[in-house]
Amino acid sequence: MPNRKELIVPRRGNEKLQGIFSLSSSHRPNPILISYCEILEINKNILVVNRLEALDDSILLDIKISRD
């Protein structure tokens, strides 16, 4: 399990330390998930959804309409 509290890490292949956000590492402090779901209900700032791949009380950053 990666340590997600480390913000300065050695770059792969050498020992030079670098900020985690400047690397293409998947072990970031707050991983962001992209997930498709069906919105069933909107009530003020509460969304009721179906088939969302996230943990309860996850923060929602953005919503996009699917054009499929």
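1. Arg 51 is exposed, at 60% relative accessible area (exposed means over 50%, buried under 20% and partly exposed in between, with a 1.4 Å probe and protein chains only). Arg 51 sits in the segment after β4 (strands are DSSP runs of E, at least two residues long, and helices are runs of H or I of at least four, numbered from the N terminus). Its phi is positive, about 65°, although Arg 51 is not a glycine.

2. On the source: this is a predicted model, in which local features need pLDDT of at least 70 and side-chain atom pairs count only at pLDDT 80 or more, while totals for chains, interfaces and linings use all residues. Residues are numbered from 1 along each chain as its sequence is written, and side-chain values use heavy atoms, with hydrogens and water left out.

3. Arg 51 forms a salt bridge with Glu 38, with 3.7 Å between the closest N and O atoms (a salt bridge is a side-chain nitrogen of Lys or Arg within 4 Å of a carboxyl oxygen of Asp or Glu). Glu 38 lies in strand β3 and Arg 51 in the segment after β4 (46-50), so the pair ties together parts 13 residues apart in sequence. Glu 38 is partly exposed, at 35%.

4. The whole structure holds 2 salt bridges. One joins Lys 64 to Asp 62, at 2.7 Å from N to O. Lys 64 is exposed, with a relative accessible area of 67%.

5. Lys 44 also deserves a look. This residue is in the loop between β3 and β4 and has a positive phi of about 55° without being a glycine. Its relative accessibility is 80%, so Lys 44 counts as exposed.

6. Ile 39, Ile 42, Leu 47, Leu 60 and Ile 63 make a nonpolar surface patch of about 460 Å². Patches take residues with over 30% relative accessible area and no salt bridge, joining like charges within 9 Å and nonpolar side chains (Val, Leu, Ile, Met, Phe, Trp, Tyr) within 5 Å; the areas come from the Shrake-Rupley method with a 1.4 Å probe, and for residues only the protein chains shown count as cover. Ile 39 belongs to strand β3 (residues 38-43) and is partly exposed, at 40%.

7. The lining of the largest pocket has 17 nonpolar, 4 polar and 5 charged residues (Ala, Val, Leu, Ile, Met, Phe, Trp, Tyr, Cys and Pro count as nonpolar, Asp, Glu, Lys and Arg as charged, and the others, Gly among them, as polar). A pocket is an open set of points on a 1 Å grid over the protein atoms alone, where a 1.4 Å probe fits, with protein on both sides within 12 Å along at least five of seven lines; lining residues have an atom within 4 Å of a point.
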